[in-house]
Amino acid sequence: MKQASRIWNITFNKAVTTWGFEHLPCEWCVYRCQSPTGTIIFSLHVDDIFSAASSPDETASFKALLESQWEIADLGPAKFALRIAISRDTSSHTISLSQTTYIDRLLERFNLTDANPADTPMVAGLQLHRPDKTTPTPPKIEEWRLHTPYRELVGSLNYAAIATRPDIAYAVSRLSSFHDCYMPDHWSAAIHVLRYLKGTRTLSLTLGGDHSPSLLGYSNSDYANCVDTSCSISSYCFSLGLGVISWSSRKQKVVADSSCYAEYVALHNASHETSFLRQLLDGLGFTKSSPTPLHCDNVAATRLTKDHVFHPHVKHICVKFHHVQDMVSDGELRVNRVCSCDNIADILTKSLGRSNFLRLRTYLSLSDPSLR
């Protein structure tokens, strides 16, 4: 049935709301119930449920409610879900997410189990471009494309990039721009990313820690990064405690005529994610009245979020990008200046050299459990 998934969601939602659960306004697949006996939060993924409760009794009560309505299987503490391995360290209050098995399957699928690993996802300074449309594509290239699984490889890499591996987000974002015109150099760059994953297959994203959860963001852009369109690259990453919980690297939809404009657009994109994360934390019971710090390495863009100090030079900026100013004035966001070398989001805007890449990667809280 084409409507089966929708009917299931409606049925499930009707049942849990009668039990006192409410879905978060910003994320309808996350439910929360606050009662005198405790709190329970769960997320729904099709027919899989991941729950967290303030006590074992709350978990048992929730399980009993589910069993009263449907036949369920309790798999205990989550160890593997959605091709992501989950491990806990109760002494340090951390959770580690990794995709070692998923990467091994990719290496086997694309015949790279014996390939040499790479140090970085993309060669430093590499500029990929689209082929000239005015030049006919050689028949050999057309035949080569039919037998080269470029889209399959980039799509598979993309799942790793959005799930647990922010270190390859920029490379995958750039490779995704050539699905309709990929050439041998694009294929080589995609293979390079997979070779990098082979050498870092055991890296895990560590979240949590002993410190109280505090939302912190970094925003950055690489001016006129795309050689075909002159568009810049926007990026942001947010951490909550030890590791990053949200990140993005994508090409801007407008052509910025200055680095200030490009950085301001990047701040605009980051401000939207800030709004979502603040709403999500508020719905989970972690309300923050203080502004969320967002770091930017461009002085002009930072000052522009507080006041139109360069009004004669920014009159052409679209009104929608000034949303970040509203958040600053409303006390939801505080844009801070940070040195370029300390901007973690820089790893999401360009291909870096080995030393800088490895240094910034540690700030993402990506580490090898075997080396701890």
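Two strands pair if DSSP finds at least two bridges between them; helices (H or I, at least four residues) and strands (E, at least two) are themselves DSSP runs, numbered from the N terminus. In this predicted model, local features need pLDDT of at least 70 and side-chain atom pairs count only at pLDDT 80 or more, whereas totals for chains, interfaces and linings use all residues. Residues are numbered from 1 along each chain as its sequence is written, and side-chain values use heavy atoms, with hydrogens and water left out.

Strands β5 and β6 are joined by two bridges, and A81 has I84 in β6 as its bridge partner. These two strands form a hairpin with two residues between them, where L82 in the turn has a positive phi of about 55 degrees. Strand β6 (residues 84–89) also pairs with β7 (residues 94–98), over five bridges in the antiparallel sense; there, I86 has L97 in β7 as its bridge partner.

The nonpolar cores come next. Such a core is a set of buried Ala, Val, Leu, Ile, Met, Phe, Trp, Tyr and Cys residues joined through side-chain atoms within 4.5 Å, where buried means under 20% relative accessible area, exposed over 50% and partly exposed in between (1.4 Å probe, protein chains only). The largest has 49 residues, and those with the most contacts inside it are I168, L175, L194 and C237. Its largest share, seven residues, comes from α7. A second, separate core of 22 residues includes A270, L277, L294 and F321.
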